Amino acid sequence: MALSELTSRKFWGATLERAIRSFAASLASILTADGTGILDTDWGQKFSIAAMAAIVSVLLAVAGGAAGNGHGPSFTGVETT
């Protein structure tokens with residue numbers, strides 16, 4: 001993938017979508033696995049873990065875009081932007 005594609009709006013749109021999905025999925029799994037009530041949970045810790053998952057997702061998308069075979073944030077080249 002060329003550097004111009006890595007800095008494109010489409011690439012970062014797809015990467016943002018991945019990060020939001022990772023954040024939401026990890027937050028949902030932590031909330032259900034913890035088993036505490038909505039008022040009793042430690043929201044700071046939960047959001048911190050979910051944010052870390054989103055950051056990892058962005059890093060993987062950048063690595064996939066730089067080393068992948070396609071024109072998007074995918075390692076396999078199946079997804080294109």
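Residues are numbered from 1 along each chain as its sequence is written, and side-chain values use heavy atoms, with hydrogens and water left out. Because the model is predicted, local features need pLDDT of at least 70 and side-chain atom pairs count only at pLDDT 80 or more, while totals for chains, interfaces and linings use all residues.

The chain contains three helices and zero strands, and its pattern along the sequence is α-α-α. Helices (H or I, at least four residues) and strands (E, at least two) are DSSP runs, numbered from the N terminus. Of the 81 residues in the chain, 26% are buried; buried means under 20% relative accessible area, exposed over 50%, and partly exposed in between, with a 1.4 Å probe and protein chains only. Among contacts with a separation of 6 or more, 52% involve residues 24 or more positions apart, a contact being heavy atoms within 4.5 Å.

Two salt bridges are counted, each defined as a side-chain nitrogen of Lys or Arg within 4 Å of a carboxyl oxygen of Asp or Glu. In one, the closest N and O atoms of Glu 17 and Arg 21 are 3.3 Å apart. Both residues lie in helix 2 (residues 9-34), four residues apart, about one turn of the helix. Glu 17 is partly exposed at 43% relative accessibility, whereas Arg 21 is exposed at 58%.

A salt bridge also joins Asp 34 and Lys 46, at 2.8 Å from N to O. Asp 34 lies in helix 2 and Lys 46 in helix 3 (residues 43-67), so the pair ties together parts that are 12 residues apart in sequence. The relative accessible area of Asp 34 is 37%, which makes this residue partly exposed; Lys 46, at 3%, is buried. The side chains of Lys 46 and Asp 34 also form a polar contact of 2.8 Å. Such a contact is a pair of N or O atoms within 3.5 Å; within protein, one must be able to donate a hydrogen and the other to accept it, and residues adjacent in sequence count only if both atoms are side-chain atoms. Leaving aside residues up to four places away in sequence, Lys 46 touches Leu 27, Ile 30, Leu 31, Asp 34 and Thr 41.

The whole structure holds three aromatic pairs. The ring centres of Phe 11 and Trp 12 are 5.4 Å apart and the planes stand at 85°, so this pair is edge-to-face. Phe 11 is buried at 0% relative accessible area, while Trp 12 is partly exposed at 39%. For Phe 23 and Phe 47, the centres are 6.0 Å apart and the planes lie at 15°, so the pair is stacked. Phe 23 belongs to helix 2 and Phe 47 to helix 3, so parts 24 residues apart in sequence are tied together. Phe 23, Trp 43 and Phe 47 form one aromatic cluster. Rings of Phe, Tyr and Trp (its six-membered ring) pair if their centres lie within 6.5 Å; planes under 30 degrees apart count as stacked, over 60 as edge-to-face and the rest as tilted.
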